[in-house]
2 protein chains.
Amino acid sequence: MINSDYKKLESITLDPIQIKDLIWKHYVRLVKDVIIPYQWGILNDREDIEEPSHCISNFKIAAGEMKGEFQGAVFQDTDIAKWLEAVAYVLAGDRDEELERIADETIDLIGRAQEKDGYLNTYFTIKEPEQKWKNLKEGHELYTAGHMIEAAVAYYQTTGKDKFIKIVSKLADLISEKFGPLKGQCHGYPGHQEIELALVKLYRVTKNLKYLETAKYFIDQRGIGDNYFLQEEKKESYKQIFPDFHNYDVKYSQSHQPVREQQSAEGHAVRAVYMYSAMVDLAYEYNDKELLSACQNLWNNIVQKRMYITGGIGSSGILERFTTDYDLPNDSNYSESCASIGLALFGLRMAQITRDARYYDVVERALYNTVLSGIGMDGKSFFYVNPLEVWPDNCLERTSKEHIKARRQKWFGVACCPPNIARTLASLGQYIYGIDDSSLYVNLYISNQVTADLNGNRYQIEMESEFPKDGLIRFTIERIAGEQKEIKIAFRIVGEARDFQVFRCGKELESIKIEKGYMEIEDCFIKETITIKYNAKARFIRANPSVREDAGKVAVMKGPFVYCFEEVDNGTNLASIYIDTKQKPMERFESELMNGICVITCKGKKISKANWKEQELYASREVEFEDIELKAVPYYSWGNRKGGEMMVWMKEIL
Amino acid sequence: MINSDYKKLESITLDPIQIKDLIWKHYVRLVKDVIIPYQWGILNDREDIEEPSHCISNFKIAAGEMKGEFQGAVFQDTDIAKWLEAVAYVLAGDRDEELERIADETIDLIGRAQEKDGYLNTYFTIKEPEQKWKNLKEGHELYTAGHMIEAAVAYYQTTGKDKFIKIVSKLADLISEKFGPLKGQCHGYPGHQEIELALVKLYRVTKNLKYLETAKYFIDQRGIGDNYFLQEEKKESYKQIFPDFHNYDVKYSQSHQPVREQQSAEGHAVRAVYMYSAMVDLAYEYNDKELLSACQNLWNNIVQKRMYITGGIGSSGILERFTTDYDLPNDSNYSESCASIGLALFGLRMAQITRDARYYDVVERALYNTVLSGIGMDGKSFFYVNPLEVWPDNCLERTSKEHIKARRQKWFGVACCPPNIARTLASLGQYIYGIDDSSLYVNLYISNQVTADLNGNRYQIEMESEFPKDGLIRFTIERIAGEQKEIKIAFRIVGEARDFQVFRCGKELESIKIEKGYMEIEDCFIKETITIKYNAKARFIRANPSVREDAGKVAVMKGPFVYCFEEVDNGTNLASIYIDTKQKPMERFESELMNGICVITCKGKKISKANWKEQELYASREVEFEDIELKAVPYYSWGNRKGGEMMVWMKEIL
């Protein structure tokens, strides 16, 4: 390992974290109780979904244990990888012999499907053995390998079992041999980034520097000289995989420029943020200030100009891509669940390396809104795309709103999001705290209980957050083992709420040291009780006037939650409603509504149709209004009741 | 000919109409002076455009006079057909020996490219002789034949020469033999409608009933039983032409239902309105009330729920299609120039058969706005797509706004619109008047001079319209030959303007007989001078509140002209501007601006960016305004000066 100038924070290992939060507890439980069994059924083609997965069958065929053809997408193997990664995290908190047995057996199957040289990818093994590594642009071999590696690392970390890590190490050895700068090596890089951050993880558990070097090679090589993918297409050995994928735009895979020179987030959003995450990892490992500076530029471009208020990214439904600064259409955007997961991964890394709380404002935004909206309260329905405005009637096939679904779907042909959400929920704990030798950073106010080692001592930590209802946070920490040593506790100051009080053992602190958005409480010894009172009242938020789609509109937030207005509460034609922002929004906790949510109501007016004849499309008639009472629910919860219209940015009476 | 119950109006033959209108004169002149020579250069590959036409070359190759491969689209031949049709109309008003010689030579070339059996289509003759009639869905053979027939009919009508009509009659004979209900005949119909209305035209000049019967067959057969195109795809002989054209939706070509059962306008907008036009023709010829009723339903669905204020149709950029009721997005619509031409053709026929002026309100809307916006003031640049809102920065390739161009283009790979606009401008006269034995209907207030035969007499007619400036219309009619007989003159009452005065020979008429939107002036003898004073002051128009995209917005119109706001006059970020509709808009004629236009100014306010930091994307900051003076120009004229943003529907202070 190279010595880094950066004092990086680490996450607390997942095993001991128990999520007790009002909102999150339900979803985290769903992972084990519903999502993992449901997805296991899908992977084994036992669920009635439109496009069966075939995932387990493909591995059996590749292992020579079943006859048949490969079926599914070229990256179908990743479904099992992400499922195993989620299982690994679940096993951390809650050992379950039966689940572990199934996982072990699945890992064994994966091992048997691996080729002798380490190659592991059922699509190419079964269907296109001659095409291995010949279509990096579309083949997703390195992407799939990355997810396998991530799963194996997680499984090793939480179970201690090393069979899976040995399988993927063999694969990673093959990749490190195949790709690199030497003569005879392939000078390509993945069409869909993912392996880079996975190889860093594998390096961190195996300490095999070769993996880190390969990750660095992929990042450094990208966008250098003649574009690899455009050269690849011209080779005789090239065979197209996606027939409709013409006129490749190299920006799609962020290979239009050397990564260090990239100033704006371009192309496919998931590819982008997975790559940026790896870039932060490598900036740390190689003490690479230029690379970190590129990460900062790219981060700023996203969060200052190309991100939805929900933490969604990817403004275009076509190619799931970033578009241009301030282009944030609400009804035709992509904002893939996976892209927000990637944004959270990127932000987590940036926060860890810089110890700057502002990154967490965005991580929180993504997790509480777009990631959470990606999954239904039943754990069996998912959004791939997360619009901020839906009028179901015009979400038609073969239009530019074809990708917008007004209802969560049971599964998807390209099923990246559901297992990705599962692994994110199962590993939620990693986002809450950051630690170094002698400091504990509290990043997210999600109620939990955990033990952590700090400065050689063991501490019992408990956090009770009233975040969904109000801004009260009670935090206690107690040394349960070890000798007398002080530690520092740093609480992230929630981005919007500059208005707060802090109490240490019941006494309000008059002056608080603030460092990069964290309030630091030093000299903590045996036991501390810290209470923070944030002003978490509902508030109206506006977008920078350069965001044309939001001009004259207002969004409602409460704490980290973005709110939305649904047809079931507010009637149809939400576009014709104006909120009266002069009147304070009212809050009401409804314990029976969707597991308990805080509802926000406000006053408004709606354009009246009363004077219009149905057959009149245009007229010089003046606008008339009727008064209306409006009700908003958290964005993540939308679409869990009756279908219908939904809107985040509402018109405002000005 | 079957006796029809419908007393259909006819257009005045084009020869004698001289367009003298302030606005239209420029464009009509452009046809002869610029568009026809420019397009001739393109057809001969002498203009420097991105995708050369190859059109003339294809005919030479097909005629065996040149070596080479077919190049261009499968419907490339239609470019020459539409060009010849425009030439025919131009020759009507203004004989030009050199132009006529070129046209005659081109017709000769077309004749030599025709196969012995009458088949005429260079794509199939040169490239796919085995595939004739085997892919009606994509092949455009009948569509191309339709445009050839239309051109030939026009050329015959205006020059009296019959060579071209003989060529297309041979082709039509082949088609009438090939398609029909008999055993051994093909029971298909065109993938792109157009031939139906063309065959009716051919029947009307040749009196050959076979052509009318074939047109009727195509209409009657459509959408009956198992869909022809889906059956065709399954045949062994089927060969796909457009590789990306998968999962054919039969609505695309209006073949989802028998046409008489269709209640809403679906699918590709141009296909739809071309078909509806033919349906009106056939309803007249066959006295078919059921068919006319279907036309009325479809018309109402379009103009009451699916049409832009500019007369644009086709809300979706993808598949250039209708979507759903009230779905009228302004920044991503298609509104193809050809679709508005088709809507005008449909409306013209409906007005002629019903003698109801309301159809003309829409014809006028389409011609004055979307059709005219399709061509630049230079006559050498064209819009294919006619959005109502453009922010050039986000009209990016590979997004849902890819089809939106902020500048008119020199030409298009699929070049249907430019020659279609040319033939429409060249035949503008057909829209102005309708006649029967003893009545003259004045439909559009476009200044012109014409002689017309009515009730056996010859009349000299002159209309001077101040429409672009105000609502004054001076109309004179004088009998110049024939005996004493009275005629009726019916003036269309402009849809919006219920406020008008009429003067007959200087004396205001107190009571006016109004019949289906026409004011009728009877007993006109030797000479009449009619003056109409419309209130043509600028007015604010609002959309039905069900149009979500226009809620809280207002458009400005003056007479038939829809106005728009351009960045060059109003600065950037038009979405952040509110119009103060409490203050009257002001008008000012600027004779130097774009050949003379009436500019409209109004007061407003603009959301201020002053308090926002560039890096702030979302904040709870309140909205602040700055006052702004706004300037609007007619929609048709947009994009003729500096590029930039454009917007029709503006926010309104409410």
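## A strand pair in chain B

B:Arg458 has B:Ala481 as its bridge partner in S7(B). This is a predicted model: local features need pLDDT of at least 70, side-chain atom pairs count only at pLDDT 80 or more, and totals for chains, interfaces and linings use all residues. Residues are numbered from 1 along each chain as its sequence is written, chains are lettered from A in the order in which they are written, and side-chain values use heavy atoms, leaving out hydrogens and water.

Strand S6 (residues 457–465) and strand S7 (residues 471–481) of chain B run antiparallel, joined by eight bridges. Strands here are DSSP runs (E, at least two residues), and helices are DSSP runs too (H or I, at least four), both numbered from the N terminus. Two strands pair if DSSP finds at least two bridges between them.

## The sheet around it

Chain B has an open sheet of seven strands, with antiparallel pairing and the order S1-S5-S6-S7-S13-S9-S10. Strand S1 (18–19) and strand S10 (507–508) of chain B stand at the edges. Each has a single partner strand, so one side of each is left without a neighbour in the sheet.

## Where the chains meet

In chain B, 74 residues are in contact with 73 residues of chain A (heavy atoms within 4.5 Å). The two chains bury about 6,000 Å² between them, 54% of it on carbon and sulfur atoms. Buried area is the accessible area (1.4 Å probe) lost on putting two parts together, summed over both. Of the residues in chain B, B:Arg398, B:Arg548 and B:Tyr618 lose the most area to chain A, together 15% of what that side buries.

Strands cross the boundary as well. Two bridges join strand S14 (residues 539–543) of chain A to S20(B), and these strands run antiparallel. A:Ala543 stands opposite B:Tyr618 in S20(B).

## Charged links

Four salt bridges are counted between chain B and chain A (a side-chain nitrogen of Lys or Arg within 4 Å of a carboxyl oxygen of Asp or Glu). One joins A:Arg548 to B:Glu645, with the closest N and O atoms 2.7 Å apart.

## How the copies are related
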